[in-house]
Amino acid sequence: MIRIVIAEDQRMMLGALGSLLNLEEDMEVVGKANNGAEAISLVQRHKPDVCIMDIEMPEKSGLEAAEELKEIGCKVIILTTFARSGYFQRALKAGVKGYLLKDSPSEELANSIRSIMAGKRIYAPELMDDMYNEGHPLTHREKEVLELVADGRDTKEIADELQIKTSTVRNYISTILDKLEVKNRIEAITHFKEKGWFK
């Protein structure tokens, strides 16, 4: 019997997932959590084989919980509406065994759980496509400038560090905002982080 904990902050979704998986002859839902912190304590208490969780939850996100559960040895499957490559990269680093999207057919979830129990990893195909296709649009120097902005440096500090003029730094920042289609530095940093482009 595959023992499962589910973490999902939308109660209707949580109930539906639990009912669906309990219908499978080889699966049993042993715990349901409304956030990442609850998920961790349920995993510690019940020692399930698999923990399925959403990403955006109160108290602790699914990714934060996955990072903590990495040490425990429970197989984590992320089930989310967010096909964001930045989230996916972070999930991979946390050692998640599956990353599935909520609009997948329900039977796919049960089959994915069985495959993961058999030692496979299952990731939504659209995320794999993104990972291979989606490079960032910035040049090496523009990325350097944005990394220094993200480190909290001002225009003059960036100019000193890269040994260029402050007007050149301003031009770079203007180009970065255009290329990333954002309004300001904060949005540029957020966008770059979400895409997983900061190394």
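**Structural briefing**

E59 lies in the loop between β3 and α3, where helices (H or I, at least four residues) and strands (E, at least two) are DSSP runs numbered from the N terminus. The model is a predicted one, in which local features need pLDDT of at least 70 and side-chain atom pairs count only at pLDDT 80 or more, while totals for chains, interfaces and linings use all residues. Residues are numbered from 1 along each chain as its sequence is written, and side-chain values use heavy atoms, with hydrogens and water left out.

**Loop residues with positive phi**

- E59 is not a glycine, yet has a positive phi of about 65°.
- The relative accessible area of E59 is 69%, so this residue is exposed; exposed means over 50% relative accessible area, buried under 20%, and partly exposed in between (1.4 Å probe, protein chains only).
- K47 also has a positive phi, of about 50°, although it is not a glycine.
- K47 is placed in the loop between α2 and β3, and counts as exposed because its relative accessibility is 58%.

**The sheet**

- Six strands form an open sheet in the order β2-β1-β3-β4-β5-β6, with parallel pairing; two strands pair if DSSP finds at least two bridges between them.
- The edge strands β2 and β6 (122-123) each pair on one side only.
- Six bridges link β1 and β2 in the parallel sense, and R3 stands opposite E28 in β2.
- Helix α3 packs on the sheet and touches β3 and β4; its direction makes about 160° with that of β3. Such angles run from 0 to 180 degrees between N-to-C directions, and the axes are lines fitted to C-alpha atoms, for helices over the stretch in contact.
- β4 and β5 run parallel and are joined by four bridges, with Y99 in β5 as the bridge partner of I78.
- β5 and β6 also run parallel, joined by two bridges; I122 in β6 is the bridge partner of G98.

**Crossovers and the faces of β5**

- β4, α4 and β5 make a right-handed β-α-β unit. A crossover is right-handed if, with the strands pointing away from the viewer, the path from the first strand over the helix to the second runs clockwise.
- From β5 the chain crosses through helix α5 (residues 106-117) to β6, and this β-α-β crossover is left-handed.
- In a regular strand, side chains alternate between the two faces of the sheet.
- Both faces of β5 are covered, with buried G98 and L100 on one side and buried Y99 and L101 on the other.

**Nonpolar cores**

- The largest nonpolar core has 29 residues, of which C51, M53, L69, V76, I78, V96 and Y99 touch the most other members. A nonpolar core is a set of buried Ala, Val, Leu, Ile, Met, Phe, Trp, Tyr and Cys residues joined through side-chain atoms within 4.5 Å.
- The elements that each supply at least two residues of this core include the strands β1 (2-7), β2 (27-33) and β3 (50-53) and the helices α2 (36-46) and α3 (62-69).
- Leaving aside neighbours within four places in sequence, M53 is in contact (heavy atoms within 4.5 Å) with residues including A7, A39, A65, L69, V76 and I78.
- Another core, of 18 residues, lies apart from the largest one, and L138, L146, I158 and L177 are among its members.

**Salt bridges**

- The count comes to eleven salt bridges, each being a side-chain nitrogen of Lys or Arg within 4 Å of a carboxyl oxygen of Asp or Glu.
- E144 forms a salt bridge with R141, and the closest N and O atoms are 2.9 Å apart.
- E144 and R141 are separated by about one helical turn, because they are three residues apart in helix α7 (residues 140-150).
- E144 is partly exposed at 24% relative accessibility, as is R141 at 28%.
- E147 and K143 meet through their side chains in a salt bridge (2.9 Å, N to O); they are four residues apart in helix α7 and therefore separated by about one helical turn.
- E147 is partly exposed, with a relative accessible area of 25%, whereas K143 is buried, at 15%.
- The side chains of E161 and R153 form a salt bridge (2.8 Å, N to O), with E161 partly exposed at 47% and R153 partly exposed at 29%.
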